[in-house]
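This report describes one protein chain, from its overall make-up to selected contacts. The sequence and structure are shown first.

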Amino acid sequence: MELELNAAPGIHRVEDANTNWYLVEEDGGVCVVDAGVPSSWDSLHEALDRIGRGPEDVAAVVLTHAHFDHVGFAEKARTELNVPVYVHENDAPMTRHPWRYDFERPRSFYLATQVQALPIVAGFLRTRAFWPSPIKQVERYTDGTLPVPGAPRVVFSPGHTLGHCALHFPDRDALIAGDAIVMLDPYTARRGPRLVARAATADVERNLRSLDALAQTGAKTVLTGHGETWTGGIEGAVAQARSNGSA
């Protein structure tokens, strides 16, 4: 586990198996944004301890989308911590089978041609990322401000999945962008602002259009699902992502 404290004010980045998830602190508790891989359950307890919190402080889990590497411990949090799990209604069906999702190009193409990314795949296998528990009950959201610590504003940004959403924290000048834009593509190991490869993107054209919604937030700090924190402003990240596109 890698823990970056205050990647944005009161938002801590946790990285497991090249996948980021976040702890958002507020006086009343903690919101977990995305849930990593199954082994991230242990990282959750370690990270909470390091920020002076405990499992009892977790008030909710919010998913930016329902891919396998973002729902990791969500069901365990729901049942053992008795907290709600929020997901956009378009991705709600996927929470029951997060290993089945739409894509534009088979994963086998990347396994055969992108050998530099094989260590990332090995990390997924080691942490059982491909086999998270299905989530048996979710709270569906569509837009507006979520009733969770940090009060994030939903930024609907479909394309990576059809229900993908980013979360904007205006008072912290921060955007948790999920996988609408990333700093590391797990399928090619390429770094810098870009879209995730077509192996895990349902609709690249729609994903590119959704970058406009991200840019409109004007957030300075961009926290993505994969890769390091970007502090150069969302507009610059979007411009580079458009240039880099999707592999």
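What does the accessible surface of the chain come to, and what percentage of it belongs to carbon and sulfur atoms? The accessible surface is about 9,600 Å², and 47% of it belongs to carbon and sulfur atoms. The model is predicted.

## Overall make-up

The chain has 247 residues, and 60% of them are buried. Its secondary structure consists of six helices and 13 strands.

Among contacts with a separation of 6 or more, 66% are between residues 24 or more positions apart.

## Aromatic pairs

Two aromatic pairs are found in a search of the whole structure. In one of them, the ring centres of tryptophan 21 and phenylalanine 73 are 5.2 Å apart and the planes stand at 75 degrees; planes over 60 degrees apart count as edge-to-face, so this pair is edge-to-face. Tryptophan 21 belongs to strand β3 (residues 19-26), while phenylalanine 73 is in the loop between β5 (58-62) and α2 (74-80), so the pair ties together parts that are 52 residues apart in sequence. Tryptophan 21 has 0% relative accessibility and therefore counts as buried. Phenylalanine 73, at 2% relative accessibility, also counts as buried.

The rings of tryptophan 41 and phenylalanine 73 have centres 6.1 Å apart and planes at 55 degrees, so this pair is tilted. It links distant parts of the chain, with tryptophan 41 in helix α1 (residues 40-50) and phenylalanine 73 in the loop between β5 and α2, 32 residues apart. Tryptophan 41 is buried, as is phenylalanine 73. One aromatic cluster is formed by Trp21, Trp41 and Phe73.

## Packing of α5 and α6

How are α5 and α6 oriented in their packing? Helix α5 (residues 204-215) packs with helix α6 (residues 234-244) at an angle of about 170 degrees, and their axes are 9 Å apart. Angles over 145 degrees count as roughly antiparallel, so α5 is roughly antiparallel to α6.

On the α5 side, the contact is made by Leu208, Leu211, Asp212, Leu214 and Ala215. The α6 side contributes Ile234, Glu235, Val238, Ala241 and Arg242. Seven of the residues in this contact are nonpolar and three are charged, with no polar residues.

## Serine 210

Serine 210 is located in helix α5. Its relative accessibility is 8%; buried means under 20%, so serine 210 counts as buried. Apart from neighbours within four places in sequence, serine 210 is in contact with Ser157 and Pro158.

## Phenylalanine 156

Is phenylalanine 156 buried or partly exposed? The residue has 33% relative accessibility, between the limits of 20% and 50%, and so counts as partly exposed. Phenylalanine 156 is placed in strand β8 (residues 153-156).

With neighbours within four places in sequence left aside, phenylalanine 156 is in contact with His88, Asn90, Leu162, Gly163, His164, Cys165, Arg206 and Ala213. The C-alpha atoms of phenylalanine 156 and leucine 214 are 8.8 Å apart in space, and the two residues are 58 residues apart in sequence. Leucine 214 is also one of the α5 residues in the contact with α6.

Notes: Residues are numbered from 1 along each chain as its sequence is written. This is a predicted model: local features need pLDDT of at least 70, side-chain atom pairs count only at pLDDT 80 or more; totals for chains, interfaces and linings use all residues. Side-chain values use heavy atoms; hydrogens and water are left out. Axes are lines fitted to C-alpha atoms, for helices over the stretch in contact, and angles run from 0 to 180 degrees between N-to-C directions. Helices (H or I, at least four residues) and strands (E, at least two) are DSSP runs, numbered from the N terminus. Angles under 35 degrees count as roughly parallel, over 145 as roughly antiparallel, 65 to 115 as roughly perpendicular and the rest as oblique. Contact means heavy atoms within 4.5 Å. Ala, Val, Leu, Ile, Met, Phe, Trp, Tyr, Cys and Pro count as nonpolar, Asp, Glu, Lys and Arg as charged, and the others, Gly among them, as polar. Buried means under 20% relative accessible area, exposed over 50%, partly exposed in between (1.4 Å probe, protein chains only). Accessible areas come from the Shrake-Rupley method with a 1.4 Å probe; for residues, only the protein chains shown count as cover. Rings of Phe, Tyr and Trp (its six-membered ring) pair if their centres lie within 6.5 Å; planes under 30 degrees apart count as stacked, over 60 as edge-to-face and the rest as tilted.
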